[in-house]
Amino acid sequence: MISIDAAFVAVLATALVGLALSVAIEHLMTPRPLLARSLAAWALHCGLWLSSHAALTLMLGRPWFAAASVSAFLLMLVLVNNAKFKALREPFVFQDYEYFTDAIRHPRLYIPFLGWWKFFGASIGFIFAALVGLWTEGPPAERFMINGQIGGIVLIFFCGVLSIYWGNCKTLSVSFDPIDDIKNLGLLPCAWRYAEEMKKNPIAASPFDYVEKNYKENELPHLVAVQSESFFDPRTICNDIKKNILSEFDLIKRDAYVHGKLEVPAWGANTVRTEFAFLTGVQQKLLGVHRFNPFRTISAGWKLSSIAIFLKGMGYRTVCIHPYPATFYRRNRVYPVLGFDEFIDIRAFDKMHRSGPYIGDMSVAEKVKLLLESSKEQLFIFVITMENHGPLHLEAVDPKDVADLYEKTPRKGSEELNIYLRHLRNADLMIGRLRETLEQCPRPATLCWFGDHVPIMPSVYKAYGEPTGEVEYVLWHNRDVGHLGAKNLKASDLSMAWLRGLGFF
C-alpha cells in the first residue's frame, strides 16, 4: 500500500483553503455576486481557481505561496472592478484585460481611478509577499513522487479541468449586461463566458451599406464632426453655474437646424463606444460582447462600412484629428479600415498647444481651420478632442475660477466641477471658432457637434445629483436650411440623421 506523503496533503489543503478564500474575496465586489447561482457557474469558478493553483504549484513547488498568489490576483481584479464601478457604473469584464497594458503605457488615464496609494501599496505588498513566500516556503525534497506533491497537483488539476468541462457543457447564458451577468454567474465564470463569446464574429451591418448616394446640389459641403471629450451641459444639474459658460453653444443651438439630447453607450469613459456608434451607425445591442470595445474587433479583421467610406465614394477626402497617440485604442489600425485617408495625432502638436495635461481644444480648432483653408477638395473632418479628459482631480483648483464660473459659491465637493468648467469654457470657445471658420468658408459647410459621455465626477454628482447620462448634440449649417427644432437621438443614429438632413440620401 502506497503511503500518502505530507506534500500530497499540503497541495490538497492549500487548494481547498484558497478556494474558500476566493469566495470571500469575490464577496467584496460591487456589484456582489449571488451565492445562490447555478451549479454550472460554481463549477466554472471552482475549476478556474483549482487549475490555476495547480499550474502555479507545478511551476514553483510551493503550494501555500501559489494559493496566496492566485488569491492576490483575484483580489486585484476585485479592487480594479470596484474602482471601475465607482467611476463608470460598470463592473470589470474580460474585455478590459487590455487596460492593464494600457495602464503601463498611459498611467495617468487609469491608475488615478484606482488610487496612486492603493496602486503603490498593492504593488509593494505583492512584491513583499512574493519575497517572503519564496524565502519561507521551499519545495519538498521529492517533488515528483506520485504519492507526493506531483500526485496532489495532478489530482487538483484533474478536478479543476473536469469542473471547467462540466460547467462549460451547460453553456451559461449571458445578457451582456455586466451587472446582471456578474451577479448571476460570479466574476470568474462571467469572464470565462465573455471570453468565449469573443470568438464569435459580430453579425451586425452598418446602415451605410444600404443607402444610395443622392446629393442633388451642385457643390458638396465640407463636413466637420466634433466628438467633444466629456461634453454635456452641467447647468442641467447645477444652477450655481453661470449661464454664459456655454454662450457659444447656446448660440449655435439656437441657430442649428437640429439639436437635442444624445443617448450614448458610455458613462464617464469608453469613448470608442460612442465613436464607433457615430462612425458606423451600428447599434450597441447588435454587437453582443463586442460592444465593450468594438475597435478591437475591427483591428482583428472585421470589416464594415462607415460614414467615411460612404463619403469617400462621393469624392470626399476623409481626415481624423485626435491630439493623442494614434496607437491608443489601435486607432492607427482601425481608422484606415473605416475609410479615413489621414489620421492627424499628437505628433502634429507640441507642448505649447496644451491646456492642462492635454492638447487644448482651441489648438485643435486651428488645425481644422488650416485644413479647410488649404484644401481644394471637399473634406470630411472627424475630430476627437482630449482637453477635458480626466482624471480631473489631478489638476489644481484655481480659486480665481470660482468667481468666473459660478453665480454663487458652489457646494462642498465641487472641486472637480471647477476644473471641468475651466476646460468646458475652451470647448465652448472651440464651437465659436469653428462656427466663424465655417461662416467664412466660400463653399457650403456644416458642423456636427456632440459629446462622447458625461465626465467622471462622483463627488460632484453626490453634491448635486447625477445626470441622466445623455449628452448634447447640434447640427448646424453655414447656409439657411431651415430649423427642424429639437429631436433626441441615439449615437448610432446621429451620422445617418446628419447626412439625411443634408439630402445625401
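Author: Two packed helices are described by the angle between their axes and the distance between the axes. Here helix α1 (residues 6-26) packs on helix α7 (residues 149-169) at about 35 degrees, the axes being 6 Å apart. This is a predicted model, where local features need pLDDT of at least 70 and side-chain atom pairs pLDDT 80 or more, while totals for chains, interfaces and linings use all residues. Numbering starts from 1 along each chain as its sequence is written, and side-chain values use heavy atoms, without hydrogens and water.

Reader: Which residues make the contact of α1 and α7?

Author: Contact means heavy atoms within 4.5 Å. From α1 come Ala 7, Phe 8, Val 11, Leu 12 and Ala 15, and from α7 Gln 149, Gly 151, Gly 152, Ile 153, Leu 155 and Ile 156.

Reader: Is Arg 37 buried or exposed?

Author: Buried means under 20% relative accessible area, exposed over 50%, and partly exposed in between (1.4 Å probe, protein chains only). Arg 37 has 9% relative accessibility, so it counts as buried. You'll find Arg 37 in the loop between α1 and α2.

Reader: Which residues is Arg 37 in contact with, leaving aside neighbours within four places in sequence?

Author: Those are Glu 26, Trp 42, His 45, Asn 184, Leu 185 and Gly 186.

Notes. Axes are lines fitted to C-alpha atoms, for helices over the stretch in contact, and angles run from 0 to 180 degrees between N-to-C directions. Helices (H or I, at least four residues) and strands (E, at least two) are DSSP runs, numbered from the N terminus.
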